[in-house]
Amino acid sequence: MPKDTGIGASSKRREDVRFLTGDGNYTDDINVHGQAYVHFLRSDVAHAKINGIDTSAAEGMPGVIRIFTGKDFEAVGGLPCGWQVTDRHGQPMQEPKHPVLAHGKVRHVGDPICAVVAETLAQARDAAEAIELDLEILPAVINMKEAVKDGAPKVHDDLTSNLCYDWGFVEENRAAVDEAISKAAHVTTLELVNNRLIANPMEPRVAVGQWEKGTGDYTLYTTSQNPHVIRLLMGAFVLGIPEHKLRVVAPDVGGGFGSKIFHYAEEAFCTWAAKECRRPVKWTSTRSEAFMTDAHGRDHVTRIELALDADHNFTALRTETYANMGAYLSTFAPSVPTWLHGTLMAGNYKTPLIYVNVKAVFTNTVPVDAYRGAGRPEATFQLERVIDKAARELGVDPIELRRKNFVTEFPYATPVAVEYDTGDYNATMDKLIEIADIAGFEARAEESKKKGLWRGLGVNSYIEACGIAPSNLVGQLGARAGLYESATVRVNATGGLVVMTGSHSHGQGHETAFPQVVADMIGIPEDMVEVVHGDTANTPMGMGTYGSRSLAVGGSAMVRATEKIIAKAKKIAAHIMEASDSDIELKDGKFTVAGTDKSLAWGDVTLAAYVPHNYPLKDMEPGLEETAFYDPNNFTYPAGAYACEVEVDPETGKVTVARFAAADDFGNIINPMIVDGQVHGGIAQGIGQALLENCAYDEAGQLISASYMDYAMPRADDVPFYSVDHSCQTPCTHNPLGVKGCGEAGAIGSPPAVVNAVIDALQRGGKNVTHIDMPLSPARVWAAMNGATANEGAAQPAARDSGSAEGRSLGGQV
Amino acid sequence: MAKVSMRVNGKSVSADVEGRTLLVEMLRGPLGLTGTHVGCDTSQCGACVVHVNGKAVKACTMFAAEAEGAEVTTIEGMANADGSLGTIQQAFQDYHGLQCGFCTPGMVMSAAALLKDNPKPTESEIRHYLEGNICRCTGYHNIVKAIQAASGQDVGAIAAE
Ligand code: FES
Ligand code: FES
């Protein structure tokens with residue numbers, strides 16, 4: 001029986017009521033008395049020297065308060081990067097400066113040059129049009145392989161080249177991997193592009209900066225997934241404001257998907273300008289601005305080789321990836337193609353030898369950083385595509401080839417530095433076969449054929465590492481932060497609780513799910529527990545929400561704090577009932593003394609904590625409030641198997657997703673309804689990546705996909721109902737809830753399933769196409785199938801000519 | 001600046017706005033009705049959908065002045081008289097048709113307009129109708145399900161197809 005309350009119950013979300021009635025409080029809904037508005041004048045070219053900025057005409061325009069340029073920020077720090085990667089030769093990555101407003105040069109379309117603060121937004125915009133810019137256009141580097149050639153124009157003149165780092169992992173394995181590949185019975189090679197994407201949370205970014213003259217305190221309201229991180233980065237590294245004089249509030253946030261992790265220039269600007277102008281300053285991004293200023297995601301170009309022995313065991317894996325960093329290093333950018341990607345290249349398989357090489361490259365494009373899955377979708381896509389190709393080359397069943405190589409014994413130490421604590425990949429594959437009704441596929445394919453359509457089936461596994469992360473480990477890997485999480489649990493005198501968490505909810509439903517846990521531990525109704533998050537003034541220092549970490553790390557902190565509360569409450573109960581602490585039991589909100597009929601209600605004890613008349617004051621402080629910081633000792637490893645069925649129209653190349661099934665192992669589940677929703681959303685983003693979305697630049701560095709007319713977001717009629725299951729549960733062995741995290745799985749597991757399905761459909765239709773780069777737009781599919789004969793060799797060039805993202809043509813959007 | 005008057009959620013309201021002020025700007029600004037959202041600047045996302053004289057309209061594609069004298073309903077006007085959630089709102093909560101909530105006001109307003117014209121829409125009619133509303137969180141599964149449920153259809157059997 002499904003539970004109706006506590007852990008495991010699909011409790012309805014309490015936050016929904018305000019969102020459904022228009023009573024949400026998003027950052028743009030916040031207006032501070034006396035606020036002024038800022039409009040950023042941004043570069044409309046990819047690369048140029050700033051020879052002059054003439055603001056004189058604009059200064060006199062109506063309503064203008066002040067116009068800022070890069071010069072005004074000379075004394076202020078640049079935007080910091082939170083992760084330093086060390087290259088193959090032991091050298092630190094090249095790390096350019098990232099000024100708040102461009103200084104000397106602009107390096108991508110959208111780079112801010114001037115900031116106009118005015119009484120109204122319209123006045124700020126009008127004045128910006130009167131600014132005269134003298135820009136000397138420089139040649140831009142857009143294509144990564146061109147960017148690393150000798151003599152290529154440099155994005156940063158003070159760096160030695162456009163190569164940020166050349167990373168090898170595990171460098172010591174390299175020779176052994178090379179040798180294993182040269183001796184293999186079979187090697188499957190694939191070159192592929194992980195297309196550049198834009199996270200596109202529906203709420204554009206907003207920042208409102210405020211400075212109190214009386215106290216000298218600053219407040220920033222911002223659309224962030226991690227207000228404490230912003231406070232630390234902006235306060236300490238950019239503006240030099242001590243944290244106790246700076247409050248950062250991220251109220252209701254309308255989705256993030258990674259893009260709202262990072263510290264952005266506009267946040268620092270509004271905070272700093274509030275003092276300079278003696279006025280609160282507000283910035284609301286337009287969607288057009290969002291396309292050219294929110295950090296982009298993915299953008300990897302990879303060659304992968306999988307070696308197999310005669311029995312089809314995987315013997316070695318070698319990859320070479322070019323990863324686009326964009327023009328500057330966004331907050332966590334260097335970690336994404338390295339530690340969040342290389343460490344996952346074992347996938348669900350016991351490949352003994354792995355070598356991953358990643359060249360991170362600066363180009364004249366928007367910075368690239370984590371987007372839902374961050375590194376793990378890139379790893380999964382390569383691996384699950386190359387395995388599919390290998391199965392086809394060897395003429396074996398792709399599911400059986402996977403099963404043959406699955407890791408089955410746990411814990412399992414991979415050759416890429418991580419140790420999987422638990423899992424059961426055959427179980428999720430079995431479940432997938434059931435829920436996807438793979439047995440019925442051939443019959444459905446026949447039906448499709450009657451309609452003149454080619455049906456294909458794509459299956460893959462995935463694993464991800466989340467619940468990030470053990471601080472000492474990530475510190476060794478270059479992180480400049482810890483990745484623990486915190487919670488303060490405050491019990492009020494009358495028994496209600498407030499959980500103040502460093503995690504942040506921007507759609508994940510923490511306000512509902514977190515109380516389910518605490519209520520269950522104490523045995524009280526969920527509505528006695530309230531969650532406070534998103535404000536540095538009333539939450540303990542925490543690292544926020546990304547990397548599917550909220551429940552695994554933030555939830556663990558909350559459990560630890562609640563355990564402290566319960567331990568103290570038991571002592572109080574023992575004192576009142578004149579029993580020994582160890583005899584006290586707490587169940588259903590009642591303290592009892594073992595072996596007696598004595599009992600005390602939860603509320604009696606909480607009241608005694610604050611009205612300590614009968615209380616062990618000699619031994620214990622009054623009050624009932626505890627804080628815990630939880631630092632995980634490993635990542636968690638959600639895993640599963642996904643299946644997609646597509647229909648391809650051979651006349652047009654149009655792909656329709658007919659069915660999609662996901663069998664995930666997330667360990668224990670707190671709220672199944674919320675988990676389903678997380679998976680649904682991830683799958684839609686994965687289908688979007690596979691079929692629709694492409695962030696495209698032309699050769700001059702113009703962003704051609706800079707609106708919803710050009711960037712194809714998945715819409716309701718692009719996707720089917722999904723069949724999702726998370727009944728296969730191998731609980732995480734190292735956190736108190738046994739949970740693994742579910743936020744990114746859908747986006748990680750789904751792209752290869754879709755592409756595998758399309759390739760299968762084309763092959764069944766008699767076209768020997770072995771790969772098409774995402775997004776599989778009708779134009780690309782049509783070109784691939786018409787360029788392909790029954791001849792393997794023709795397939796690849798045809799696919800790539802049809803608009804490879806590597807060439808940065810507009811291909812995908814045709 | 002000119003004075004524009006209309007009825008919003010049954011109340012007469014007016015504000016001084018510029019000729020270029022959009023309806024959504026007037027709602028969110030001087031009228032303080034921040035439930036209607038702005039998710040784009042190209043009339044593509046549907047976060048701003050309201051009803052003007054009974055029809056679903058993207059409030060970012062209409063000047064405030066064009067709504068002079070109109071009857072406007074926003075998300076703030078969708079609850080029952082006693083403050084409880086209306087049928088569509090309740091179905092969105094029951095079927096988890098929202099996550100971050102940013103697209104939600106527009107989704108609810110579009111759904112209400114759909115059900116008015118087509119009280120028992122099929123899955124594909126719903127998906128087609130929602131083409132102008134983008135949601136990045138839910139993958140649409142539970143939105144479609146919620147709208148079917150709100151229209152009194154059985155959604156118990158919804159699985160893979
Ligand atoms: S804000 Fe109106 S359609 Fe996007
Ligand atoms: S619920 Fe977040 S965009 Fe739809």
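These questions and answers cover the domains, the chain interface and some local backbone features of a predicted model.

In this predicted model, local features need pLDDT of at least 70 and side-chain atom pairs count only at pLDDT 80 or more, while totals for chains, interfaces and linings use all residues. Residues are numbered from 1 along each chain as its sequence is written, chains are lettered from A and ligands numbered from 1 in the order in which they are written, and side-chain values use heavy atoms, with hydrogens and water left out.

Me: Which segments make up domain 3 of chain A?
Reply: Domain bounds here come from an automatic or database domain assignment. Chain A is divided into domain 1 (16-22 + 484-630), domain 2 (31-138 + 202-255 + 260-293) and domain 3. The segments of domain 3 are 163-198 + 296-468 + 634-809.

Me: What area do domain 1 of chain A and domain 3 of chain A bury between them?
Reply: Contact means heavy atoms within 4.5 Å. By that rule, 19 residues of domain 1 of chain A meet 20 residues of domain 3 of chain A. Buried area is the accessible area (1.4 Å probe) that two parts lose on being put together, summed over both. Carbon and sulfur atoms give 64% of the total, which is about 1,400 Å².

Me: Which element gives the largest share of the side of domain 1 of chain A that touches domain 3 of chain A?
Reply: Helices (H or I, at least four residues) and strands (E, at least two) are DSSP runs, numbered from the N terminus. On this side, α14 (510-522) and α15 (550-576) of chain A each supply at least two residues. The largest share is 7 residues, and it comes from α15(A).

Me: How many salt bridges link chain A and chain B?
Reply: A salt bridge needs a side-chain nitrogen of Lys or Arg within 4 Å of a carboxyl oxygen of Asp or Glu. A:D28 and B:R28 form one, with their closest N and O atoms 2.9 Å apart. Between chain A and chain B the count is 5.

Me: Which three residues supply 21% of the area that chain A buries against chain B?
Reply: The contact takes 56 residues from chain A and 51 residues from chain B. Together the chains bury about 4,600 Å², 56% of it from carbon and sulfur atoms. The three that supply more than any other three residues of chain A are A:L20, A:M202 and A:F721.

Me: Which element gives the most residues to the side of chain A that touches chain B?
Reply: Several elements give two or more residues, including α1 (16-20), β29 (655-665) and α17 (672-692) of chain A. The top contribution is 8 residues, from α17(A).

Me: Is B:T36 buried or exposed?
Reply: B:T36 sits in the loop between α1 (23-28) and β3 (49-52) of chain B. Leaving out residues up to four places away in sequence, it touches B:V24, B:L27 and B:I75, among others. Buried means under 20% relative accessible area, exposed over 50%, partly exposed in between (1.4 Å probe, protein chains only). At a relative accessible area of 1%, B:T36 is buried.

Me: What is omega for the peptide bond from A:F169 to A:V170?
Reply: Most peptide bonds are trans. A:V170 lies in the loop between β7 (163-169) and α5 (174-183) of chain A. The bond from A:F169 to A:V170 is cis, with omega near -5°.

Me: What is phi of B:N53?
Reply: B:N53 is in the loop between β3 and β4 (55-58) of chain B. It counts as exposed, at 53% relative accessibility. Its phi is positive in a residue other than glycine, near 50°.
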